[in-house]
Amino acid sequence: MGRKSSRVSVSSSFRRYLTYYFRKLLNFVAMRRLLTRLVSRVLLSAPWGPAAAIETQIHTEGRRKLVVGLGNPGMEGTRHSVGMAVLAALAARLGVGDRWRGDKQVSGEVIVSEMQRTHVVLLRPRLLMNVNGVSVAKAAGKFGIKPEDILLVHDELDKPLGKVVLKHGGSARGHNGVRSCVDCLQTDVMPRLRVGIGRPGPGAPVQAHVLGHFSSSEKKVLDSVLVQSVDLLLAQLSQEEPHPPSSPAGGAGKKT
């Protein structure tokens, strides 16, 4: 009877400690998200630099699209920044790969190009992934591009390498870069090209996998992934279906 009572007591204490630390973890995650949002608000409210340079001007008529490769600056070769690799491949396919220019007004690097009758802005944020949305919102405001005309390209942990899916809006699904864009644009209608990077093997840390570089064998698969991704983006940019009217970027209501 004494041993049984002791086991029940230990089990009860373990559950209490587990509940306590789980609550602490939830509080930490909530606090981190709150701090990220505060940093984003501060960066969005920062004054812009001098007047826009010539390469950033877009004719007022015609359709406008913004394609964003989400990632971390300085970590372009990692799985988490595969969106930047796709964007570089898109720029090369459009014949403008040597036209990247730094733009302090949008905290990123941009290329302004034309495809058929569409003005296309390519954006590589120069902010950390968790606040990429600041750069996206600034670019959308500067170039007068609606949220539904912004294409986000990002890594997808839950899909294997080689799988590429185009998703039209919806939740961030745990992706911090997408969540930042949703927070800063105040809507989740943006189409997204989700590029699978696969999960790590059993026991391997997720963060090390995400921030790590592709292996030699993975790079062979990545080559075909980039081609497929660019094909999907070009098809999306070529669409001419009309969009319903919406508020300017940053003023639209969040989709429920």
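# A guided tour of the model

Start with arginine 124, which lies over the face of tryptophan 100, at 3.9 Å from the ring centre. A charge sits over a ring if NZ of Lys or CZ of Arg is within 6 Å of the ring centre and within 35 degrees of the ring normal.

This is a predicted model: local features need pLDDT of at least 70, side-chain atom pairs count only at pLDDT 80 or more, and totals for chains, interfaces and linings use all residues. Residues are numbered from 1 along each chain as its sequence is written, and side-chain values use heavy atoms, with hydrogens and water left out.

**Stop 1**

Select residues 108-115, strand E3. Helices (H or I, at least four residues) and strands (E, at least two) are DSSP runs, numbered from the N terminus. Six of the eight residues of E3 are buried, so the strand is largely enclosed by the rest of the structure. Buried means under 20% relative accessible area, exposed over 50%, and partly exposed in between (1.4 Å probe, protein chains only).

Two strands pair if DSSP finds at least two bridges between them. Pick glycine 102: its bridge partner in E3 is glutamate 109.

Now go to the loop between E2 and E3, where serine 107 is found. This hairpin has four residues between the strands. Serine 107 is not a glycine, yet its phi is positive, about 55°. Is serine 107 buried or exposed? At 18% relative accessibility, serine 107 counts as buried.

Glutamate 114 has histidine 119 as its bridge partner in E4. Two residues lie between the strands of this hairpin, where glutamine 116 takes a positive phi near 55°.

**Stop 2: helix H4**

Select residues 176-185, helix H4. Nine of its 10 residues are buried, so H4 is largely enclosed by the rest of the structure. Among the buried ones are Val178, Cys181, Asp183 and Leu185. Glutamine 186 follows H4, with a positive phi near 60°.

Step to arginine 173, in the loop between strand E6 (164-168) and H4. Arginine 173 has a positive phi of about 55° although it is not a glycine. Its relative accessible area is 49%, so arginine 173 is partly exposed.

**Stop 3: the largest pocket**

Which residues lie nearest the centre of the largest pocket? Select His80, Gly174, His175, Asn176 and Val210. The lining has 20 residues. Strand E5 (150-156) and helix H5 (206-211) are the elements that give two or more residues to it. H5 gives the most, with four.

The pocket's volume is about 630 Å³. On a 1 Å grid over the protein atoms alone, a pocket is an open set of points with protein on both sides within 12 Å along at least five of seven lines, while a cavity is a set where a 1.4 Å probe fits but cannot get out; lining residues have an atom within 4 Å of a point. Grid points are joined across faces, edges and corners, and a volume is the space filled by probe spheres set on the points.

**Stop 4: the cavity**

The structure holds one cavity of 30 Å³ or more. Residues lining the largest cavity include His154, Glu156, Lys167, Arg173 and Val178. E5 and strand E7 (191-196) are the elements that give two or more residues to this lining.
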